[in-house]
Amino acid sequence: MKVRPIDILALHLNAGRIEGNEQIYFSSILSNRSHILKSIDILVKADLLKLENSIEISLPKLTKPDLESILKKANLKKSGNKPVLIKRIIENIDYINSQNINIDLPTVYTPTTKGQELIEETGYIKHFGEPSSIISMERAQSIINNSTEKNIVDKIEYIYLFEIKRLYKDKPIPKTHLNISNNISYYFHNLADYYIAIQEYEKARKYYHLTGFISTIFYDLEILKDNHSHFYDYEGNFKVFSPTLHAYGILDVYEQLIYVHELSNEEIYELFLHDVSEYYKPDEEYSKFYIYGTILKALKENTDELSFNFKNYIETNYPYEKSKYETLYDHKDYDTTLATNLKTLLDNDVNINVEIVKETGEVYMYISQSERERIFESELIDYITNKEQNSEDN
């Protein structure tokens, strides 16, 4: 029987747990006990998991009061911590059994030798089994299984870097923020978050800088080429703006750089240039505002002077032009909704998924990420938009 990544996740989550107390979070696929039991059945048939209730395996699952109760019934000493109580029961198990004292041992999901080896080999599955993961368990497993590298030290890191390399070669700068599956900055960010979780702050810094560069600095400069809505209102007044990198978690890294390593502002800025230059060439003058702004935010210091200097820089280098402001509503770059109808979508072979709630009969419709990308990153959006416009005109 083929063992799927979801079954391996079930193995990780439930090895050593008591039957009836299964762990079902981490993935919407493992959303209830019946799904867990289906995976467990697969694992048992594959000789990766077994159900066991031996004294050595099951006794440690009892509570300390339960252990004390067993010893009390046998008129044995019941003082000591839990490991001492367990050892005392095991040493006196023949006597306890001779007294007809019933020990209700729970059944425990126990990995076999082969199952334990699989757990050790696939620790990365839990990371990519989380609902928020940008990479699926199936994709992660495929990357590892098809790798020609031997003895990969950190498989989670390896998987992220594999995807980053692929995306950078194919699409180093994504067209839109919404294209998550092909947006390299999300992979930079998730890898940085992982490094923070394992306290690899230097590595985290690099990838927070990269995602901050794309999501903030690069896109700001791209917007300034076409319109000024990010910095000016319609009347041409500069908006209140404090330049900082948009990368959740970067302040934790900057606090390490400032308070632990005691780096100067200039040294942190040089680190930013070094980190980003591996992939991109940042605008140094513009970037400096954002690095210094992020430092001030980490220090919880006033940013008024920096904001004032930034305002002067924008007004000098990117003066307000109403014609550019009015390009804001170019649907290809900025619209987040598309008005159409089912017939138009079906006529253009758009695959629409439908879910029906059995209890209420409510109907929910949605399209997959790949279908959304097909619409918004092709000429299809122009066709649909023009068709809807023509219908309104007629």
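Before the first stop, a definition: rings of Phe, Tyr and Trp (its six-membered ring) count as a pair if their centres lie within 6.5 Å, and planes under 30 degrees apart make the pair stacked, over 60 edge-to-face, and the rest tilted. This is a predicted model, in which local features need pLDDT of at least 70 and side-chain atom pairs count only at pLDDT 80 or more, while totals for chains, interfaces and linings use all residues. Residues are numbered from 1 along each chain as its sequence is written, and side-chain values use heavy atoms, with hydrogens and water left out.

**Stop 1: aromatic pairs**

How many aromatic pairs does a search of the whole structure find? The search gives 24.

Select F241 and F310. Their ring centres are 5.6 Å apart and their planes are at 25°, so this pair is stacked. F241 sits in the loop between α12 (201–226) and α13 (250–260), and F310 in helix α16 (residues 304–317), so the pair ties together parts that are 69 residues apart in sequence. Helices here are DSSP runs (H or I, at least four residues), numbered from the N terminus. Both F241 and F310 are buried, where buried means under 20% relative accessible area, exposed over 50%, and partly exposed in between (1.4 Å probe, protein chains only).

Now select Y269 and Y292. With centres 6.4 Å apart and planes at 80°, these rings form an edge-to-face pair. Y269 belongs to helix α14 (residues 265–276) and Y292 to helix α15 (residues 284–299), so the pair ties together parts that are 23 residues apart in sequence. Y269 is buried, with a relative accessible area of 4%, whereas Y292 counts as partly exposed at 21%.

**Stop 2: the nonpolar cores**

A nonpolar core is a set of buried Ala, Val, Leu, Ile, Met, Phe, Trp, Tyr and Cys residues joined through side-chain atoms within 4.5 Å. Which members of the largest core touch the most other members? Of its 79 residues, they are F231, Y254, Y286 and I314. Colour α12 as well: the largest share of this core, ten residues, comes from that helix.

Zoom in on Y254. Leaving aside neighbours within four places in sequence, Y254 is in contact (heavy atoms within 4.5 Å) with H209, L245, I268, I291, T294, I295 and A298. A second, separate core has 15 residues, including A74, I86, I96 and L105.

**Stop 3**

Select residues 82–91, helix α5. L85, I86, R88 and I89 are buried there. Seen down the axis of α5, the buried residues fall within an arc of 160° (taken from the directions from the helix axis to the C-beta atoms), so they line one face of the helix. On the other side of α5, P83, K87 and E91 are exposed. What covers the buried residues of α5 includes α4 (64–73) and α6 (93–98). At the start of α5, look for N81, where a side-chain oxygen reaches to within 3.1 Å of the backbone nitrogen of V84.

Next, move to α4. Its buried residues include L67, I70 and L71. They cover an arc of only 95° around the axis, which puts them on the same side of α4. P65, K72 and K73 are exposed on the other side. The buried residues of α4 pack against α5 and α6. Just after α4, N75 takes a positive phi of about 55°.

**Stop 4**

Select N151, in the loop between α9 (137–145) and α10 (155–170). N151 is not a glycine, yet has a positive phi of about 55°, and at 74% relative accessibility N151 counts as exposed. Then try E262, in the loop between α13 and α14. E262 also has a positive phi of about 55° without being a glycine, and is exposed with a relative accessible area of 64%.

Finish at H189 in helix α11 (residues 184–197). Is H189 buried or exposed? At 15% relative accessibility, H189 counts as buried. Not counting residues up to four places away in sequence, H189 touches Y208, T211, A247 and Y248.

Terms used. Helices (H or I, at least four residues) and strands (E, at least two) are DSSP runs, numbered from the N terminus. A polar contact is a pair of N or O atoms within 3.5 Å; within protein, one must be able to donate a hydrogen and the other to accept it, and residues adjacent in sequence count only if both atoms are side-chain atoms.
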